[in-house]
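Visitor: I have the viewer open. Walk me through this one, please.

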Amino acid sequence: MNTTWDVIIIGGGPAGSTAASTLRQAGRKVLVLEKEKFPRFHIGESLLPYNRAVFEDLGVWPKIEAAGFMVKRGAQFWMGDGSIRTRLNFSQGSFTEFPESIQVERAKFDDILLRHAEELGAEVREEALVTEHRIEKDRVTIKFRTKDGSEHEAQAAFLVDASGLTNFTANREKLRDYYPGHKKIAIFGHYSGVQMTEGEEKGDILIIRRKNSWFWMIPLEDDKTSVGLVLDQADFKALNMAPQAVFDDAVLTTKTVQDRMINARSISQGHVLSDFSYTNRKLVSDRVVRVGDASGFIDPIFSSGVMLAMSSGQRGSKVVHAALTAGKTMTFAMRHYEWSTRRNVSRFWQFIEKFYTKHFAQLFFQPSNKFRMVCAINCALAGRTRMSFATWWRLRIFFALVWLQKRFSLAKPIEIG
Ligand SMILES: Cc1cc2nc3c(=O)[nH]c(=O)nc-3n(C[C@H](O)[C@H](O)[C@H](O)COP(=O)(O)OP(=O)(O)OC[C@H]3O[C@@H](n4cnc5c(N)ncnc54)[C@H](O)[C@@H]3O)c2cc1C
């Protein structure tokens, strides 16, 4: 086989740049094709403590630390009427190794990761839109278009698809399955003048539960907060209102948010994005590995996206490196990658699926740390994907209690919204 590159990566977001850095660390020749010019806006600003492990492995942590992002020590979950709240304090989970995380403006964060991959020797071509991929017996051929409109072709032994929600290769191969009941829409923007938590709780993300929707409030800087509303696409359509009007109306009717936004002023354009949870039926095939959102996407309520993207970018590129070393196009390790990626997603999905139910809310918002169950929840939601038995059985008990709550009302009833 005679190809220019060992691996071509579609997309230079967190999954793509993690894969590129990891492959460079292994000495592979890597081409990253990214359609945008970085730095560029992206949503997904609240990270999880377990992201840190990947930062360390990539050697990028000193650059991230030097960028001075807001430190995040906890995640707070509020009822919209302010009647009840619960806080996960990452430093107090007895099974959680990393006590804190960061809130990031993705333009800056993604640029640091991509430039790091470049410094490690990856060739990065921005404003290069991938338009076609072809998997052949002895190579992968990629067609892409650059800013000046010219068409190009590149060949590699392997393709890593890190194209995010574009889901490039899986869409072309019709592999996408949506999770039923999780077709959402997100309306969001950046604000100044939002009253966020202070002191020990400074930097916390606030998630505010409404009856059938929720808000996020993410402090990015001392006077810059990302605020977003996530609601069912069907509810949005039924309202028959402009997105900003839906957002403003939801702020006015959600006491917890309204109180904090009394003096808020919009400092960015508003954004609207479909937020449909999906999975792809195949994450690996001959010469192809899908990572990050291009492997699947889940509702962002627990801020899991970037951590899952970087973790899959790292694991996915390691199995590609091993396959190249073995001279194979498909390996057992690639299949194991698919299995472990699905398992990592399912760790969050079990919480997401239940989050919208009343019986889950009744236990989650009134937690008991009996048997250190809150510590186990803390650990799972901090992004620890390699569960010890100690956390595994505690989580099983928690979900058994959620099941029982539906039938027998173990916890005090609470109003949702
Ligand atoms: C409303 C919302 C809120 C979210 N909030 C959070 C949060 O708080 N915390 C969190 O961790 N996650 C959050 N997420 C999820 C997070 O945004 C993603 O999981 C994360 O960005 C995935 O990284 P990625 O590298 O896989 O994809 P991306 O970051 O999307 O990167 C993909 C890249 O591929 C490029 N690309 C796409 N197609 C092509 C092509 N054909 N040719 C060349 N380049 C291409 C794109 O330009 C992009 O730069 C949120 C998501 C949504 C929708």
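Visitor: Which residues in α12 meet which in α13?
Guide: On the α12 side they are M373, A376, I377, C379 and A380, and these meet T391, R394, L395, I397 and F398 in α13. Contact means that the C-beta atoms of two residues, placed from the backbone, lie within 7 Å. Helices (H or I, at least four residues) and strands (E, at least two) are DSSP runs, numbered from the N terminus.

Visitor: And where do the numbers come from?
Guide: Residues are numbered from 1 along each chain as its sequence is written. The model is predicted: local features need pLDDT of at least 70 and side-chain atom pairs count only at pLDDT 80 or more, while totals for chains, interfaces and linings use all residues.

Visitor: At what angle do α12 and α13 pack?
Guide: The angle is about 105°, and the axes of α12 (residues 373–381) and α13 (residues 389–408) are 9 Å apart. That makes α12 roughly perpendicular to α13, a label for angles of 65 to 115 degrees. Axes are lines fitted to C-alpha atoms, for helices over the stretch in contact, and angles run from 0 to 180 degrees between N-to-C directions.

Visitor: OK, the core. Which residues have the most contacts inside the largest nonpolar core?
Guide: V7, I8, I9 and V160, in a core of 112 residues. Such a core is a set of buried Ala, Val, Leu, Ile, Met, Phe, Trp, Tyr and Cys residues joined through C-beta atoms within 7 Å. Its largest share, eight residues, comes from helix α9 (residues 305–326).

Visitor: What is I8 in contact with?
Guide: Leaving aside neighbours within four places in sequence, I8 is in contact with L31, L33, V140, I142, A154, A156 and L159.

Visitor: Now the ligand. Which residues come nearest?
Guide: G13, G44, G164, G292 and G305, out of 39 residues around the ligand. A residue is counted there if its C-beta atom, placed from the backbone, lies within 6 Å of the molecule. Helix α9 gives the largest share of this shell, four residues.

Visitor: Is R287 buried or exposed?
Guide: R287 is buried, because 23 other C-beta atoms lie within 10 Å. N240 is exposed, with 8. The cut-offs are 20 or more for buried and 12 or fewer for exposed, with partly exposed in between.

Technical notes. Angles under 35 degrees count as roughly parallel, over 145 as roughly antiparallel, 65 to 115 as roughly perpendicular and the rest as oblique.
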